[in-house]
Amino acid sequence: MPTPPTPPPAATSPGVGIRGRNDKLSSPAAGDSDKALVARRSSGKLSKAFNKAMLGNVVVRAFFKTKPRHPRTPAEVVSRTTLVLDALNSFEDNDGGKRFPKMGEVDTLIREMKSTLYGSSESEPAAEACAQLTQEFFKANTLRLIVHCLPKLNLEARKDATQVVANLQRQPVNSRLIASDYLEANLDIVDHLVSGYEDSGLALHYGAMLRECIRHQVVASHILKSGQVRNFFGYMQLPEFDVAADAATTFKELLTRHKSTVAEFLSGNNNWFFTEFNFKLLGSPNYITRRQAVKLLGDILLDRSNSCVMVRYVSSLDNLIIMMNLLRESSKPIQLDAFHVFKLFVANTNRPPGITSVLANNKEKLLRLFAGLRMDKDDELFESDKTQIMKEISGLELPRQAGDVYKLPKTPMCSGELSKVSPLPTPTAYSHE
């Protein structure tokens, strides 16, 4: 039987070989399939990396972790804030892995408290919610934790915390400011706020909190009587302008808000206080410090509650010399503020002979100075005071029994204004009165 013919080989396309059953075909479709597989794997890796990065982000984790399913009550917010702050306070500064997540949650919680107290663009604060938050805040000792944890918060959280603390000082609970009772029992917090001026990065936040706390008489009294007030003579001369200015604002609040407390303090501490005030503030080489000090001095002395303090101040020859030196400043604002203090020396009907002698010796120069001293805007009260003072000075004569004790070494000579009357007296040793 004849052998059947062998079939011809199958035609192949150029570049396409014949492979075994287990071989992969090297065709365009197969190449596209490989690329798709690689793309899917790559996409999966990117997705995993993205999810991992998102979960590792402190802000994102804090947002998803602390996002409430329902609005929290003020009591719940305070409770959680206290718990998180307590944990944050226990962490070391280099323990960022644990500290950073807590910082993110604290930001959210403090922002919630601020929203409750200040309201929002859509709603006014609810009195009941504010009262509940205030009561829980002081009951849980949250103020202490905020004050001590402030260095560990970020800038925005510090700003929000400062506003929360400031607002709570004014929040009544059953018609009573419970913040005052709390601070009276925790005066060490006040001391911490005062010393906050020593940290330039936190000074403005602590200063704003402190001024609101000074609204309470018990706080002002503590700062004055404990000797903390002495620190302000240094704080007002710090090299950081904004910190020094903030300290001056707080110092003024301390010495002008609670009049009876201030009058009692100045009466009992007149000697050392005004020695420091004259030498460190009025005699400061810094123009801003001198200007703020002489303005504050006028506010203190012209307050009726300080009448006894004023009489004692204007009976001092050293104080008169300091005011005459300030009158010859080139700065008109300092001149004008110094005038308001100087006029008290002239108006004093019981002037010591030494003061009358100095005024009489410098009569012509004082009259020339005041003739050229004018306000930028017409001020009838100032012009009336100036006219009266010039009239009083014009009628001065040297006391018959002035004595050598009251004679100046040299009469100031100057054309149009006073020359320097005398070197600023240096502070001498003093004791508490």
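This note sets out numbered points on the predicted model shown above.

1. Basis. The model is predicted: local features need pLDDT of at least 70, side-chain atom pairs count only at pLDDT 80 or more, and totals for chains, interfaces and linings use all residues. Residues are numbered from 1 along each chain as its sequence is written, and side-chain values use heavy atoms, with hydrogens and water left out.

2. Overall composition. The protein chain contains 22 helices and zero strands; helices (H or I, at least four residues) and strands (E, at least two) are DSSP runs, numbered from the N terminus. Of its 433 residues, 42% count as buried, where buried means under 20% relative accessible area, exposed over 50% and partly exposed in between (1.4 Å probe, protein chains only).

3. Surface and contacts. Among contacts (heavy atoms within 4.5 Å) between residues at least 6 apart in sequence, 72% join residues at least 24 apart.

4. Helices α14 and α15. The axes of α14 (residues 259-268) and α15 are 5 Å apart, and the helices pack at an angle of about 95 degrees. Helix α14 is therefore roughly perpendicular to α15. Phe265, Leu266, Ser267 and Gly268 of α14 make the contact with Asn270, Trp272, Phe273 and Phe274 of α15. Axes are lines fitted to C-alpha atoms, for helices over the stretch in contact, and angles run from 0 to 180 degrees between N-to-C directions. Angles under 35 degrees count as roughly parallel, over 145 as roughly antiparallel, 65 to 115 as roughly perpendicular and the rest as oblique.

5. Helices α5 and α8. The axes of α5 (residues 127-139) and α8 (residues 178-185) come within 10 Å and cross at roughly 5 degrees, so the two helices are roughly parallel to each other. Thr134, Gln135 and Phe138 in α5 meet Ile178, Ala179 and Tyr182 in α8.

6. Ser284. This residue is in the loop between α15 (270-282) and α16. Ser284 counts as buried because its relative accessibility is 4%. Leaving aside residues up to four places away in sequence, Ser284 touches Gln237, Phe279, Thr289 and Arg290.

7. Asn362. The loop between α20 (353-361) and α21 (363-371) holds Asn362, which is buried, with a relative accessible area of 0%. Its C-alpha atom is separated by 9.9 Å from that of Met324, 38 residues apart along the chain.
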